[in-house]
Amino acid sequence: MGKVVSSILPSIFRILGSTRQLDFVGSLKVLKYNFIVSPARSLNIRFRISMTTLALVFGFSFAGPALAKKKLKQSEARNLKVTYKQIKSGDTLSSILRQHSFDNNQIAKILRDKSFHEPFTLIPKEEFRISQGRKGRFLELKFYERPTDNVFVFWRDGERSGHHLKAENYEVKVRTATGVVNGSILASLKNHVSDDWVAQRFMDAYALDFKLTRVLKRGAKFSVTYEEKFDDGHFVGCGEVLETSLEINGEMKLRKFVNFKNGGSFIANDWIHKSRPFYSPVNYLRITSSYNPRRLHPITRRRQPHLGVDFELPKGDPIYTAYAGRVLRMGKNRAAGRYIVIRHPNGLESYYNHLHKIHPDIKKGKYVANGQVIGEIGCTGYCTKPHLHFAVKQNGRFINPVPKMKSYPFVEKKLISRQIASNKKSQKVVK
Ligand SMILES: [Zn+2]
């Protein structure tokens, strides 16, 4: 539920549009401290918190200042002081909790809850938020999970303590940066946008169609439109990249992000991927490692080819058949973890590695349809962070799967067709 809400929220913000923006500008000061979660509320289950979040968003938009005033009184009573700190390399969850006077029992309680802290990762230099009561009894730590809108919250109040995950309702601003390529595209983007995430997503937008390192010329123009997220007016990082353009071979190539349930993908203005046999096996293509038959291992410096592409996603996200076929092999081994191999027409095979779970319907020799759920994202085998290693063989040899893939999963086929049709229409109007 939390995940659904986190993907719905940006859309709601867009629907509310300027009304919401005005509302936040008009009452930004009043809104301060409104979203701090009281210990009472933190005991609620994730679903209820998410509904509260939704109610708050709608409440502020429609009820406006009256509700804000009421909330302010509550927060004045708490009288919380808010500060931000950077995560240092070497920090661990328990060292941070200890620094903020959580006692041994409270820390042990958190560490026992594996399902909660397993997906929690500390990224050096990223900020976390500390809200403290004036008398020092109440303290809350909030960590931002990126790229989702989720936050991990830890609080203590005397003897009592707790922790939860919830979808945060950030204030979102949309910004556009433009520039020209000077050096690598990544470096050029970083000159204009402070957040690495935006540069990485920009690369993702073109990854299925171009090898940017080869086709880019010095002086090529680019622009990128992206979201900035604020928590009570404090910048916490960039959200999704919404639109990009990049000059390739003298032509501006545009990409648009299309939102769908639990994901989204970049599309071009024309149907360039129609002839590709594979759909995306996941709802969101964030490429963290590309196909590279000559890769050098970063630590051992030995040649260790990467014969597939890695898509980073949260643990438990669905994995789909990229192309209909028959299950050739499945099981578990040391390197691949839980894996499935599917045989397709024309000498093609697809590989799905590191799965958390294989769907019970998947059996050796069984037919699987396009877009059928075959398992869940995980980190089994040689793996440091949940991701899907997706590989394709053609006539018995691994090939780069990317030029054979569409940017969206089969389940979103209709939505993407509609979006491309409407893009074409609006282009005609411009002409
Ligand atoms: Zn891989």
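Which residue of β2 is the bridge partner of Gln-86? It is Glu-127. The views below are all taken from a predicted model, in which local features need pLDDT of at least 70, side-chain atom pairs count only at pLDDT 80 or more, and totals for chains, interfaces and linings use all residues. Residues are numbered from 1 along each chain as its sequence is written.

**View 1. The whole protein.**
The protein has twelve helices and 21 strands. Helices (H or I, at least four residues) and strands (E, at least two) are DSSP runs, numbered from the N terminus. Of the 431 residues, 31% count as buried. A residue is buried if 20 or more other C-beta atoms lie within 10 Å of its own, exposed if 12 or fewer, and partly exposed in between, with C-beta atoms placed from the backbone. Among contacts between residues at least 6 apart in sequence, 65% join residues at least 24 apart. Two residues are in contact if their C-beta atoms, placed from the backbone, lie within 7 Å. The mean pLDDT (the predictor's confidence in each residue, from 0 to 100) is 81, and 80% of the residues reach 70 or more. Over residues 1-74 the pLDDT is below 50, and this stretch has 92 contacts in the model beyond near neighbours in sequence.

**View 2. The sheet from β1 to β5.**
Five strands form an open sheet in the order β1-β2-β3-β4-β5, paired antiparallel. β1 (80-86) and β5 (160-167) are the edge strands; each has a single partner strand, so one side of each lacks a neighbour in the sheet. The twist averages 20 degrees from one strand to the next. Angles run from 0 to 180 degrees between N-to-C directions, and axes are lines fitted to C-alpha atoms, for helices over the stretch in contact. β1 pairs with β2 (residues 127-133) over seven antiparallel bridges. Strands count as paired if DSSP finds at least two bridges between them. Lys-125 is exposed, with 8 other C-beta atoms within 10 Å.

**View 3. The sheet from β6 to β10.**
A further open sheet of five strands has the order β6-β7-β8-β9-β10, with antiparallel pairing. β6 (171-180) and β10 stand at its edges with a single partner strand each, so one side of each is left without a neighbour in the sheet. Neighbouring strands are turned by 25 degrees against each other on average, direction ignored. β9 and β10 pair over five antiparallel bridges, and Asn-259 stands opposite Gly-264 in β10. Helix α10 packs on the sheet, touching β7, β8, β9 and β10, and its direction makes about 35 degrees with that of β8.

**View 4. Two hairpins in a row.**
β7 (residues 221-231) and β8 (residues 234-248) pair antiparallel over nine bridges. Asp-231 has His-234 of β8 as its bridge partner. Two residues separate the strands of this hairpin, and Asp-232 in the turn has a positive phi of about 50 degrees. β8 then joins β9 (residues 251-260) through six antiparallel bridges. Here Glu-243 stands opposite Lys-256. This hairpin also has two residues between its strands, with Asn-249 in the turn at a positive phi of about 50 degrees.

**View 5. Around β9.**
Glu-251 lies in β9. Glu-251 is exposed, with 8 other C-beta atoms within 10 Å. Glu-251 and Lys-221 are 30 residues apart in sequence and 9.7 Å apart in space, C-alpha to C-alpha. Asn-262 sits in the loop between β9 and β10 (263-267). Asn-262 has a positive phi, near 60 degrees. With 18 C-beta neighbours inside 10 Å, Asn-262 counts as partly exposed.

**View 6. Helix α10.**
The twelve residues of α10 (residues 196-207) should span 16 Å at 1.5 Å a residue, and the end C-alpha atoms are 16 Å apart, which agrees. The expected span is 1.5 Å times one less than the number of residues. Buried residues of α10 include Val-198, Phe-202 and Tyr-206.

**View 7. The nonpolar cores.**
The largest nonpolar core has 34 residues; Val-282, Phe-311, Ile-319, Ile-340, Tyr-352, Leu-388 and Phe-390 touch the most other members. Such a core is a set of buried Ala, Val, Leu, Ile, Met, Phe, Trp, Tyr and Cys residues joined through C-beta atoms within 7 Å. A second, separate core of 17 residues includes Leu-189, Val-198, Tyr-206 and Val-224.
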